[in-house]
Amino acid sequence: MYGLIIDIYEASVRNLPLLKFNKNNEHNRTLVSLYATIIEMTNSALILRKSGAFTGVDVILRTTLEAHVDLINLANDATYINSMRAVYHKEWIKVTEEGVKGENPFLGFFKDNSDAEEQLAYHKRELAKCLAASKMLTNFEKFKMASMEDVYRSIYNSLCNESHNNIRSLNNRHFRQKAEG
């Protein structure tokens, strides 16, 4: 696996000078952003591994894999960006609604902010437009769209597990089986 990560990183960086895009086109910008995310996250995972660290690498690789799936889907279907936009607005709605309540000390910016209600209304309108064009896809649906169902049910499952503190992830993080012998 480590060799594969190195190969992916080197190929991505090697092909970077060939990259041409229209910065005024949202579709192009998003594709390039996904490509850059793959490079940056892969590099971060390699730095951690080269330093001897294990914890955190799988969490970073999860983000890398998700960016890869999004890149495939967006490259193959220009309307996929509607689903990405829908998630963007949904997440802003969640944080803005919580902030407008004025009870969360981490979201004090929104409290008594006259623009917050306007921002919330904007994101709700935009979310409605996105959902009229397409639905928000589950992670499985994204992997299926990219013809990567087997990856979802195996590698992605393992990578996701490492972002949680359940028994499986805790054992993987902190205990190694002693070799018989």
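I'll start with the aromatic side chains: this structure, which is a predicted model, holds five aromatic pairs.

Take Phe 140 and Tyr 152. The ring centres of these two are 5.2 Å apart and the planes stand at 70°, so the pair is edge-to-face. Planes over 60 degrees apart fall in that class. As for where the two partners sit, Phe 140 belongs to helix H6, residues 139-145, and Tyr 152 to helix H7, residues 149-161. The pair therefore ties together parts that are 12 residues apart in sequence.

Tyr 152 has another partner, Tyr 156. Here the centres are 5.4 Å apart and the planes are at 25°, so this pair is stacked. The cut-off for stacked is under 30 degrees. Both residues are in helix H7, and because they are four residues apart, about one helical turn separates them. Tyr 156 has a relative accessibility of 3%, so it counts as buried.

Which residues make up the aromatic cluster? Phe 140, Phe 143, Tyr 152 and Tyr 156 form one cluster. Tyr 152 thus takes part in an edge-to-face pair with Phe 140 and in a stacked pair with Tyr 156.

Next, the cysteines. How many disulfides are there? The count comes to zero, where the rule asks for a pair of cysteine sulfur atoms within 2.5 Å. On accessibility, Cys 130 is buried, with a relative accessible area of 5%. Cys 160 is at 12% relative accessibility and counts as buried as well. The cut-off for that label is under 20%.

Last, a helix contact. Helix H2 covers residues 26-50 and helix H4 covers residues 80-101. Their axes come within 11 Å and cross at roughly 75°. That makes H2 roughly perpendicular to H4, since the range for that label is 65 to 115 degrees.

Which residues meet there? On the H2 side they are Glu 26, His 27, Thr 30 and Leu 34. On the H4 side they are Ile 81, Met 84 and Arg 85. By type, the residues of this contact divide into three nonpolar, two polar and two charged. Leu 34, Ile 81 and Met 84 are the nonpolar ones, His 27 and Thr 30 the polar ones, and Glu 26 and Arg 85 the charged ones.

Terms used
Residues numbered from 1 in each chain as written. Predicted model: local features only at pLDDT ≥ 70, side-chain atom pairs only at ≥ 80, totals over all residues. Heavy atoms only, no water. Axes fitted to C-alpha atoms, helices over the stretch in contact; angles between N-to-C directions. Helix = DSSP H or I, 4+ residues; strand = E, 2+ residues; numbered from the N terminus. Parallel < 35°, antiparallel > 145°, perpendicular 65-115°, else oblique. Contact = heavy atoms within 4.5 Å. Buried < 20%, exposed > 50% of the residue type's maximum accessible area, 1.4 Å probe, protein only. Phe/Tyr/Trp six-rings, centres within 6.5 Å; stacked < 30°, edge-to-face > 60°.
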